[in-house]
Amino acid sequence: MLPDGAWEIALRGVSGARTVRVKEEGKGRKGVVDFAVESGGTRARIDARALAVLGEGRADVYVVDGRDKERRLRYGRCTLGGARDIGHLSELNHFHWVLPYATEGGYFRLRVWSRPSHAELVTVDYSDTSLWLTGWLHGEWQLGGELMLLLRRRQEPARTLAAGRVRFEGGWFGAELNMDEAMRARLLMRENWDVLLTDSGGGEPVRVARIADDQVVRRDVQRFPELVREEPAGLFGPDVDRAVVGLRPYFTADNELSLVVTEHH
């Protein structure tokens, strides 16, 4: 990672390379970006801003020779110092983040996040009854009205519920997620709820996520404690026993924030 946010790729054991090619991986995805190989065929400079044309998903990296023959690059050593400050985000009107990683087979691949709006989670704090979320917003948000925190149940019957208002100032948001909302809505012994933000523009709600750092899969490196408490008296009526319920946030495979709500015995 170079100071201006570009990447420098050193090619070893590769002869005749003219181009480093980045190609979107997956059926129906056709995005391609080429970068010239310099310094006698041993190095290529990857401008992260040029990758903004790639859609969300994964992209494979190839070297291309003078006959346009492609060969996938294998992953060697990668230094991501400064990944938080690559600088190109402020130049785009949408959210775009790219991180390199090694596939199980040892090949060089990029994980691309690219979306019109993004709510980047920074901290999760706890009280006796709530989670407190803070983060920042990037992209296309209608900030003249009210922001709302939403929970969306994954299991059937699907349901989306408003979990509280969101404070916003200077690009940063703060929201309280009170356990009572998830307790009141739960139907199963164990449920999963996705966490989203929505604005007054009426567009599709946006998943809260932790993307803008150097972790391709956050669930492998970050775990949250469970918040456990007894249901409030009278939540479902005066004659209904009060259950003990746990709420634990976690990151999905796409680094998006979800909750698991579990009844304890």
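1. A residue is called buried when its relative accessible area is under 20%, exposed when that area is over 50%, and partly exposed in between. The model discussed here is a predicted one.

2. The partner of β1 is strand β4 (residues 43-46), and the two run in the antiparallel sense, joined over four bridges. Within this pairing, glutamate 8 stands opposite arginine 45 in β4.

3. How many aromatic pairs does a search of the whole structure find? The search returns two. The rings of tyrosine 75 and phenylalanine 108 have centres 5.8 Å apart and planes at 65°; because an angle over 60 degrees counts as edge-to-face, this pair is edge-to-face. It links distant parts of the chain, with tyrosine 75 in the loop between β6 (70-72) and β7 (95-102) and phenylalanine 108 in strand β8 (residues 108-115), 33 residues apart.

4. The two members of that pair fall into separate accessibility classes. Tyrosine 75 has a relative accessible area of 28% and is therefore partly exposed. Phenylalanine 108, at 10% relative accessibility, counts as buried.

5. The other pair is formed by phenylalanine 224 and phenylalanine 251, whose ring centres lie 5.5 Å apart with planes at 50°, so the arrangement is tilted. This pair also links distant parts of the chain: phenylalanine 224 belongs to the loop between β15 (206-209) and β16 (227-230), phenylalanine 251 to strand β17 (residues 244-251), and 27 residues separate them. Both phenylalanine 224 and phenylalanine 251 are buried.

6. The charged end of lysine 23 sits over the ring of tyrosine 62, at 5.3 Å from the ring centre. Arginine 72 places its charged end over the ring of tyrosine 107, where the distance to the centre is 4.3 Å.

7. Strands β16 and β17 pair in the antiparallel sense over four bridges. The covered face of β16 consists of Leu227 and Arg229, and the uncovered face of Val228 and Glu230. Valine 228 stands opposite glycine 246 in β17.

8. Valine 244 lies in strand β17. Its relative accessibility is 33%, and it therefore counts as partly exposed. Leaving out residues up to four places away in sequence, valine 244 touches Val228, Arg229 and Glu230, together with Thr262, Glu263 and His264. The C-alpha atoms of valine 244 and histidine 265 are separated by 7.1 Å, although these residues are 21 apart along the chain.

9. Arginine 186 is placed in the loop between α1 (179-185) and β14 (190-198). Is arginine 186 buried or exposed? With 12% relative accessibility, arginine 186 counts as buried. Its side chain makes a polar contact of 2.9 Å with the side chain of glutamate 263. Beyond neighbours within four places in sequence, the contacts of arginine 186 include Arg153, Glu191, Glu231, Ala243, Val245 and Val261, as well as Glu263.

10. Most residues other than glycine have a negative phi, and most peptide bonds are trans. The bond from glutamate 156 to proline 157 is cis, with omega near 0°. Proline 157 is situated in the loop between β11 (147-153) and β12 (160-169).

11. Aspartate 68 has a positive phi of about 65° although it is not a glycine. This residue is in the loop between β5 (57-65) and β6. Aspartate 68 has a relative accessible area of 47%, so it is partly exposed.

12. Asparagine 255, likewise not a glycine, has a positive phi of about 65°. It is found in the loop between β17 and β18 (257-264). Where aspartate 68 is partly exposed, asparagine 255 counts as buried, at 0% relative accessibility.

Technical notes. Residues numbered from 1 in each chain as written. Predicted model: local features only at pLDDT ≥ 70, side-chain atom pairs only at ≥ 80, totals over all residues. Heavy atoms only, no water. Phe/Tyr/Trp six-rings, centres within 6.5 Å; stacked < 30°, edge-to-face > 60°. Buried < 20%, exposed > 50% of the residue type's maximum accessible area, 1.4 Å probe, protein only. Lys NZ or Arg CZ within 6 Å of the ring centre and 35° of its normal. Contact = heavy atoms within 4.5 Å. Pairing = 2+ DSSP bridges. Polar contact = N/O pair within 3.5 Å; in protein donor to acceptor, adjacent residues only side chain to side chain.
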